[in-house]
Amino acid sequence: MPRDRSASPSAYHDHHGKVLFVGAGPGDPGLLTVRALDCLRLADVVVYDTLVPADVLDMAAPAAARLAVPRDGREGNGDPGEATGRLLARLAAEGRTVVRLKGGDPAVFGRLSEEMGPVWEAGIPVEIIPGVTAAAAAAAAAGIPLTSRASASSLTILTGHEAADKPEGIDFRQLASLPGTLAIYMGVEQVERWSSELLSAGKPADTPVTIVSHCSWSDQRIAVSTLARCAADFERNNWPSPAVVIVGEVAQPVVGASIALDRGRDRGPLAGRRVLNTRPRGPRDDLDSLVRAAGGRSLRVPVIRIQPPESWQPLDDAIRQADTFDWIVFASANGVRSFVDRLRGAGLDGRSLGTARLIAIGPATREALEHAGFTCDLTPTLFRSEGITAALARAPTPSRFLLVRANRGRDLMRRELEARGHVVREVTAYSSEPVESLDTATVAVIDQMPVDWITITSSLIAESAIRLFGSQIGRWRVASLSPITSATLRQHGIEPTVEAAAAAAESLVAAMADWEIAHAPPPA
Ligand code: SAH
């Protein structure tokens, strides 16, 4: 019986728990919807399928708890969808915003009704945010339509898996006679079965078949075959799951009639390379997307954590007196975020900074300032403390400086400014702490998937990574962000493979890309 959904409280009421079923799309974060991204950033908890790539999960708020549920979990009692639904209801009942992140679209082969049942029964508001389903993403990747006025006036989405469990479930005779496209999910393993059933139901042997495996992932592969040949073709080529198969005239190959087409996305200098990004999760870190843009895959394994400072008092006091400084120097984007949060939290805004001028130590810090609505008066060309002191050489003495920084780091800037006769006050806006240990899931992923590069973007990160990964690092190429970071690595006996020309994510990725180009095997 349909439930009376109008009786349910509003999904937008913020102080009560709610469950948001969010479509994650096929894997590339670029194929998330804006609404999905908003939900991820709002989430207290993200419950996700193991199929959802780390890149997408990284879009969630850093503080959000992440819980994996097996996609095909057959273990335990009862329906796995309902078990997940009960988990969602329990989490939301405690007042949390729970994002149930599902691959593709939540309403397509997503056990949506099973998972929603317990949530509705608990009277918890639900919202569904659609996502790009695998068939749509695959058609786009292969450059084919799913329907066509000439040859396909219907689209049928079916599971190729069910054929094994209950052959009576799908009537292939009817499907074969439909003048339309078939999009077969979960179908690679069963290709033998569904292709022969379609053939015996009268579908022409030369019906085009397109397979897209790992659609939108960096190792996406596409191939074209025919209904008669696809079982042999797909078997021979060992197509990895997840893959979606499109059957019908629309899947007409662009070239040839067999496995002739393999238009991977795997291009660019970092093609096929896996990069372990050790930075803490942050909402606006562009290292991952730069790695992806260069053709690589990024795996985020933070080795340090960003935490509130031991006390907010020094920062709060400095903020209240902000207009007494001539210069406020931000050493990192995290510092900007804490500063702005505390400023707004105290009911203040940019006016309370008076005539103080703002300095960002590097481009990411400047971006964080601008994102918060502030104008950066100065970004030094050399992205480190020395750059700031050089850029300020002509500041009238004594000028009053506020340095907004982390709990640790070098105090070179303070010393140099003081040596020039300036008055300096330093406040700790956040603290960064090494991660004590890696969870077993992360260790397993690193063991299973070959890592090519590890990025080391600060001395603390260098030390923590060496402690966590030990001798493994010796097998990876090491990309260091700056001379200071490289020096720390060398102190521990690790020679960086490359060092960024400037301390910015772009330069770091460019250094890795240059190395790969210089070491690429000559074309055959
Ligand atoms: N809700 C998902 C489907 C889940 S069922 C959606 O709307 O896309 C899982 C199946 O989806 C896989 O077996 C595969 O057929 C397909 N699939 C999911 N992600 C895929 C991807 N990135 N590339 C190709 N197929 C994918």
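The dialogue below covers the ligand shell and then a serine.

Q: What should I know before starting?
A: This is a predicted model, where local features need pLDDT of at least 70, side-chain atom pairs count only at pLDDT 80 or more, and totals for chains, interfaces and linings use all residues. Residues are numbered from 1 along each chain as its sequence is written, and side-chain values use heavy atoms, with hydrogens and water left out.

Q: How do I read polar contacts?
A: Look for a pair of N or O atoms within 3.5 Å; within protein, one must be able to donate a hydrogen and the other to accept it, and residues adjacent in sequence count only if both atoms are side-chain atoms. A polar backbone atom of Asp105 is 2.8 Å from a ligand oxygen, and a backbone N or O atom of Ala134 lies 2.9 Å from an oxygen of the ligand. Trp217 instead uses a polar side-chain atom, 3.3 Å from a ligand nitrogen.

Q: Why does Ser332 count as buried?
A: Buried means under 20% relative accessible area, exposed over 50%, and partly exposed in between (1.4 Å probe, protein chains only). Ser332 counts as buried because its relative accessibility is 13%. The Ser332 side chain also makes a polar contact with the side chain of Tyr430, at 2.7 Å.
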